[in-house]
Amino acid sequence: MAVLPDDRRIIVIESDPRVRREIESILEGSRYTLQPFDDVRQAASTLRRRQHDAVLVSLDWPAPANAAAIRALKKQSGPSPIMVLTSPARIEAAVRALRHGADDYLVRPPDPVELKTKLQRILERRELDSRLAFFQDELSKRTIAKKIEAHSPSMKDLVDRLLRVAPSRTTVLISGESGVGKELVARSIHFNSPRRERSFIALNCAAMPANLIESELFGHEKGSFTGAHQRVRGKFEIAHRGTLFLDEIGEMDKGTQAKLLRVLDEREFMRVGGNQSIRVDVRLIAATNADLESMVEVGTFRQDLYYRLKVVGLKVPPLRERRLDIPYLIDTFLDELSGANAVARKAVSPGAMAALSDHAWPGNVRELKNLLESLLVTTTEDEIGGDHLPRAIRGSQAPTEPTKLDAGTTLEQMERTLIRRTLEYTGGNRTHSAALLGIGVRTLQRKMQAYDIRIRSTRRRQRKPRSS
């Protein structure tokens, strides 16, 4: 019989064995795992090592000791709720405990219905608080995830496919060079799907040693290996009814690949060292910068898993193939980074913007973002100019060199680059630029509006001296 991933770990601090057995008897079969202790000190030590879902504690001490005990437990348990057990003669002590951080109280001997009801209530409250904290933490990520800058044709196509795929539960394989924003695409799929109110869990397979990745994905039971002192849930359990994103899937060893394939096919797995199947409802999104087809050919990646992952394939183009997006990315990153670093938002000069747009960006979006953060915190002026840029980027905007054309460059991209460079050369003078390009001024203005080119004129006409 499959076990649902919703068992709760409860610490019980009760020195009276009779009361402890009574609590265990009442909660037997309720999917609660009870861990008994005689005193607060022992329980606090356990809570420091691992967070539990709730704490039941008896108040058998004088008032000052009760208050100190509750404060100590609250400090160690963090968000875990605390329920106080007290005798009918000591209700006042229980009320004081509520003021010091306890969540509810119960009179001993505990009534079975009341114990189950109150415990369920404080656990539901904790779940709501946890979800609220999660959504507050994810709010900024969601805002960014919904704002993929798609002004180039290749990114517009990607976003169109992304929005068509998002409502389904199908597996998606995202490919692209390192730093192009594959996780951003994965988050966008999640937050545009019916699972948006559930967890988005990300794991970088390249950052996990081969002997630990299986435990990280599926969890492990207490004693399953050296150092496994207690049961730990894996990423699949945590992502139940949400989305699991596995980055750099090509780095996963073949043994774990086989187990991952079974989870995708059967939607169930066993923890490391476990003997019970756990059913989960998880949407999997994987990403890679490796050529998985070549890896399949040489036998380093399972063919069946490759086809199971690539139900839908999305390829994120490198930044050098989406130059139309660069000015918008720069604006977005400057807004984000100025707030994150508590520094004033800086403008970018037309010359610097042209150089940044023309750079090849081998590190893609990540390289651009890192450079902008460096410029933002080190530039003392209000505007980032060409002189502030690294020499390698300034060199890519040499006016004497012809525009570099990569294979696959569209006519639209060529025209936009040519118009921008001409305006930069003339200092933003529309009349002079139109003459050099062989088009009318109104045509130039329409194209500037279409391509969202914003270069102000820096050359003013000299006024004729007034006659005396």
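Predicted model: local features only at pLDDT ≥ 70, side-chain atom pairs only at ≥ 80, totals over all residues.
Good morning, colleagues. I begin with the sheet. Five strands make up an open sheet, and their order is β2-β1-β3-β4-β5, with parallel pairing. The edges are held by β2, residues 32-37, and β5, residues 104-107; each has a single partner strand, so one side of each is left without a neighbour in the sheet. From one strand to the next, the twist averages 20 degrees.

Two helices deserve mention here. Helix α1, residues 17-27, packs on the sheet and touches β1, β2, β3 and β4. Its direction makes about 175 degrees with that of β2. Helix α4, residues 91-99, lies across β4 and β5 and runs at about 165 degrees to β5.

Let me now turn to strand β3, residues 54-58. Which strands does β3 join? Four bridges connect β3 with β1, residues 8-13, and these two strands run parallel. Another parallel pairing, also of four bridges, links β3 to β4, residues 82-86.

Is β3 enclosed or open to the outside? Five of its five residues are buried, so the strand is largely enclosed by the rest of the structure. In a regular strand, side chains alternate between the two faces of the sheet. Both faces of β3 are covered: A54, L56 and S58 are buried on one side, and V55 and V57 are buried on the other.

I close with the local backbone features. Most residues other than glycine have a negative phi. R267, although not a glycine, has a positive phi of about 60 degrees. R267 sits in the loop between α10, residues 254-266, and β9, residues 268-269, and is partly exposed, at 38% relative accessible area. N364 likewise is not a glycine and has a positive phi of about 60 degrees. N364, however, is found in helix α15, residues 364-378, and is buried, with a relative accessible area of 0%.

Finally, helix α18, residues 430-437. At its start, a side-chain oxygen of N429 comes to within 3.1 Å of the backbone nitrogen of T431. Just after the helix, G438 adopts a positive phi of about 75 degrees. Thank you for your attention.

Key. Residues numbered from 1 in each chain as written. Heavy atoms only, no water. Polar contact = N/O pair within 3.5 Å; in protein donor to acceptor, adjacent residues only side chain to side chain. Buried < 20%, exposed > 50% of the residue type's maximum accessible area, 1.4 Å probe, protein only. Pairing = 2+ DSSP bridges. Axes fitted to C-alpha atoms, helices over the stretch in contact; angles between N-to-C directions. Contact = heavy atoms within 4.5 Å.
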